[in-house]
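Open the model in a viewer and keep the selection panel at hand. The stops below say what to select next and what is there.

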Amino acid sequence: MATRSEPKAWVKKLGGVELTLVCLALLMALVLACTLAQVKLGTELAMNAVMRTFIIWWRPEGWSFSLPVFPGGGLVGGVMLANLLARLSYLERSRRKAGIWLVHAGLVVLFAGEFASALLQVESHMPIEEGQTRDYAESFRLMELAAVDAGDPAFDDARLIPESRLKKAKELRDASLPFTLKVHAYHDNAELTMRRPGDPPSPATAGMGTNLVFRPVAPVTVDDQANTAVALVEPVAPDDRSYGVFLLSNALGAPQGFLHEGRPWRLSLRPRRYYLPFSLTLKDFRHDLYPGTDIPKNFSSLVRLKDPASGEDRDVLIYMNTPLRHGGLTFYQASFGKEDTLSVLQVVRNPGWTLPYLACALTALGLLWHFGVMLGRAVKESRA
Amino acid sequence: MKPRSVAPAVFVLGLLAALLPLRPAPAGDYDADAFGRLPVLEGGRVKPLDSFGRNALLMMRSKQSVPVDGRRFTASRWLLDALFKPEAADTYKTFVVDDPEVLGLLGLEPGKERYFAYWQLEPKRAELRAQAAQAEKLEAPRRSRFQTAAVNLDRRLTLYERLKNTVQIAGTDDAAVELALLGSVVPAALRAVHGGGTSERDRRAVRVLAELLSRFRFLADAAVFKAVPPRAGEPVDAWRSNGEALLKPQRTDLHPAVTAFALMGRSYRKADPAGFDAALREYQAWLEKERPAFARSAEAEVLFNRAAPFVTGMALYVIGLLLIFASWARPRAAGLPAAASGLLWAAFVVHTAGLFARVVLQGRPPVTNLYSSAVFVGWVAAFAGLLAERLHRRGFAAAGAAAVGFCTLLVAHHLTGSGDTMEMMRAVLDSNFWLATHVITITIGYGGTFLAGLLGLVWVARRHFAPRRDPADEKALSSLAYGVVCFSLLFSFIGTMLGGIWADQSWGRFWGWDPKENGALLIVLWNALILHARWAGLARERGVMVLVVLGNVVTAWSWFGVNMLGVGLHSYGFMDKAFWWLSGFAASQLLAAALGLLPPRFWTERRNA
């Protein structure tokens, strides 16, 4: 048995089982709070408010600032990680404790994995119709303004302005844009309706927005609902000539345009795109049912993967519990639409995705080892 | 009898008792049992008519049979009337209606009766439909109690109305005549359509055929199950309802199933048992020749339905539990523990047989839905308890085993009301590998946590109510509970992690803080907390026992509670009624935990003081 010098007092305190118990109890409270909060907030917001934060903030009705009310998942997890590491630093290194060692080392990896995915994981999706080819995924919530020079049909030259800039800036100047974009308003969610006779005039003065009115509403957070974002944008030429105020929304399908120095420009507000260095073509989407019922049996998408970098060009079948992993991304069969001709793939980038697998193996092995040793001893004692 | 031979003798007696439901039933006029063994396709799987009938009755009246004129009609017997003589079935008390407002809507007096016949509800049928249609515009959680009840009754009535029009249109006196008519008009109608025949007879044939086809289309739309199996050589899934088989015949001759059902219906309406049996036998012979596999599996399932192993198991567990209590009250009666042990092992064997039969019939690992999870949790806890009893022969673990076995089978029994318990698995769940690994391990974890909790309850009860306190007993209980907590932590941790891996494979994230995942995590954390508190010396015997009792609340929450929230990717079964049961259970456990914290027999001591 390896003997080691007595650990420092603070290390011993940090690795103490009392701290472990406090953390376990706090974590249980957080897990319960996170579960209950989902009824109102939806999974993603509840997770961000309770788990993926260091402090849980609470803002009483009418207050302009929030109060810290409880340690968040990040803090409790961090303390637990420190507690684990401190404990491991002076845990007895022996055969008898080998199981305990494995369990707690596995937990360290598990925590690291959860921190990694909280920080690095990016989720998006890719709606793709049969026969279509896509080389980008779209964000669920974030929007972007695309200004496209449609003069050259072969080259769709898009200048992209993310939602965050639209919200902050009143005027957008960009070296790549030959005009200025004045942002009159931006709303995360709104109700868009056709303007009826008698309605006040639309704030838009150009494009199809002149026939529309909108009313801002609170953004939705429930997982299966989408926001209708609205932006009022006015392109202004360098000589201060206005092209009119355009009403842009992700709910409007067709882009709206104007002519600037003889070149047609198209504006649209659309879900933020993440371009990929490869492309997927949907060849076939299948939605199988159990005979004589509407109960889905399987969803699958047959796609053609083309990656110029690696020279790959092959068919891949993405179906339940069998995603495609390529280029650091994972594609899952998530949803479908348009009478089974549209498939929606969930696209996840998580560089730490292997960590939980390692953690599970370590911890499970450790638990089996330790409880196996204990059970053996108990059986021996009861025989004796 | 010598004490040594008591246990085996009681064991054998218990098994014999389990075989009792399989004794041949008294033969009626019609061979309803054989009729119940006919296979049909419903809910995506091939099942016997008997299973369909039992599930339909469970949905409509929460029982598997109907009382008719002082006799008890089996599901198959009731189906004969519902399918062939609906005017008779309409008078049977088939629908349970509890909601006073719905009863008021139907013009029925609340509080007097719970069960009603279709004819009693029919006069206000249109109004109920209108109310239900109104309520269906709202999402289920937003409906009022009345609206929920109205939608529920409307669905049950619709099921019954469609059932009556599944093999023949309700009120058809002789479907065989219709089939003969079809055979006679088709050639003439074809002549007329192809321009060959222009005689008045041919044109009339076209009209008759159009009329017949519209009737068949109605039948095809209404059917709740498909009774016409694919012939040999056709794809296995190509079942058709009677209406579909007539609308789109695959061959020129009529399908034997269509003919058989028409003949059975005619004979049944004419009160001709011999003719009914002849048609039934002929169809059975055809099935035996062309689709023996369907006939086999349907027969096996009927056997399982009749044996009802979980009901027998429940009874055996509860008798075993009472024997253990008796042995604690009369410690000198040496035969009692042995008898209890024999009976509990018999109960466990019956439970196992039932579990195994479901696995074989369904072709799936044992846990596929909330119902089967209850059966499996009980099985695990009973098995672990009976094994632990062999380490410490004091009856505690056996009592825990019996109580969890009984309670979980009771819970399962009350979860059957939503229909087929062997329903098909929705797409993402259609993975035997993950069902066999993640779901099984996590369910074993639930079972273990409940068993530990029960040991805690036994400890609390003995501390306050046992005639004589025995510290050795209490210590034995606590070390048993500790072992079971270790076992539960192992399984619930591995199960939760496997769940994460499954989620990573199917949704793209290992952990999403989804309610069901959180529920499983709570159990892991709770068990870890108990073990760390014990290792730290902060919780000793009493502390651990109180903590394991509270573990019951944690487990019940993550097993059932999260399903009631109705959010997240895992919410497959939503229940309202169970909420009150769950709250009551949690309250009782908190009370038991509080009792555990109080000094033993505190009330007697105060009285003495």
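Start in chain A by selecting Phe331(A), which stands opposite Val347(A) in β18(A). This is a predicted model, in which local features need pLDDT of at least 70, side-chain atom pairs count only at pLDDT 80 or more, and totals for chains, interfaces and linings use all residues. Residues are numbered from 1 along each chain as its sequence is written, and chains are lettered from A and ligands numbered from 1 in the order in which they are written.

**Strands around β18(A)**

Strands here are DSSP runs of E of at least two residues, helices are runs of H or I of at least four, and both are numbered from the N terminus; two strands pair if DSSP finds at least two bridges between them. The hairpin of β17(A) and β18(A) has 4 residues between the strands, and in it Lys338(A) takes a positive phi near 45°.

Next, select residues 122–129 of chain A, strand β3, and residues 342–349, strand β18: these two pair in the antiparallel sense over 8 bridges. On this pairing, His125(A) has Gln346(A) as its bridge partner in β18(A).

**An open sheet in chain A**

Move to the open sheet of 4 strands in chain A, whose order is β6-β7-β10-β11, with antiparallel pairing. Its edge strands, β6 (171–172) and β11 (246–249), each pair on one side only. Select β7 (residues 180–187) and β10 (residues 230–236) of chain A to see an antiparallel pairing over 7 bridges. There, His187(A) has Val230(A) as its bridge partner in β10(A).

**Where the chains touch**

Show both chains: 50 residues of chain B are in contact with 50 residues of chain A. Contact is counted if the C-beta atoms of two residues, placed from the backbone, lie within 7 Å. On chain B, α21 (471–506), α22 (515–535) and α23 (541–565) each supply at least two residues of the side that touches chain A.

**Chain B**

Chain B has 25 helices and 6 strands, and its C-alpha trace spans about 105 × 60 × 50 Å along its principal axes. Of its 609 residues, 49% count as buried, that is, with 20 or more other C-beta atoms within 10 Å of their own, all placed from the backbone.

Select helix α16 (residues 309–329) and helix α19 (residues 396–414) of chain B, whose axes come within 8 Å and cross at roughly 145°. Axes are lines fitted to C-alpha atoms over the stretch in contact, and angles run from 0 to 180 degrees between N-to-C directions. Among the residues making the contact are Phe310(B) and Tyr317(B) of α16(B) and Ala402(B) and Phe406(B) of α19(B).

Which residues touch the most other members of the largest nonpolar core? They are Leu343(B), Leu344(B), Ala402(B), Leu455(B), Ala481(B), Val484(B) and Val548(B), in a core of 154 residues. Such a core is a set of buried Ala, Val, Leu, Ile, Met, Phe, Trp, Tyr and Cys residues joined through C-beta atoms within 7 Å. The largest share of this core, 16 residues, comes from α21(B).

Finish on Leu344(B): not counting residues up to four places away in sequence, Leu344(B) touches Tyr317(B), Gly320(B), Leu386(B), Ala398(B), Ala401(B) and Ala402(B).

Methods. A residue is buried if 20 or more other C-beta atoms lie within 10 Å of its own, exposed if 12 or fewer, and partly exposed in between; C-beta atoms are placed from the backbone.
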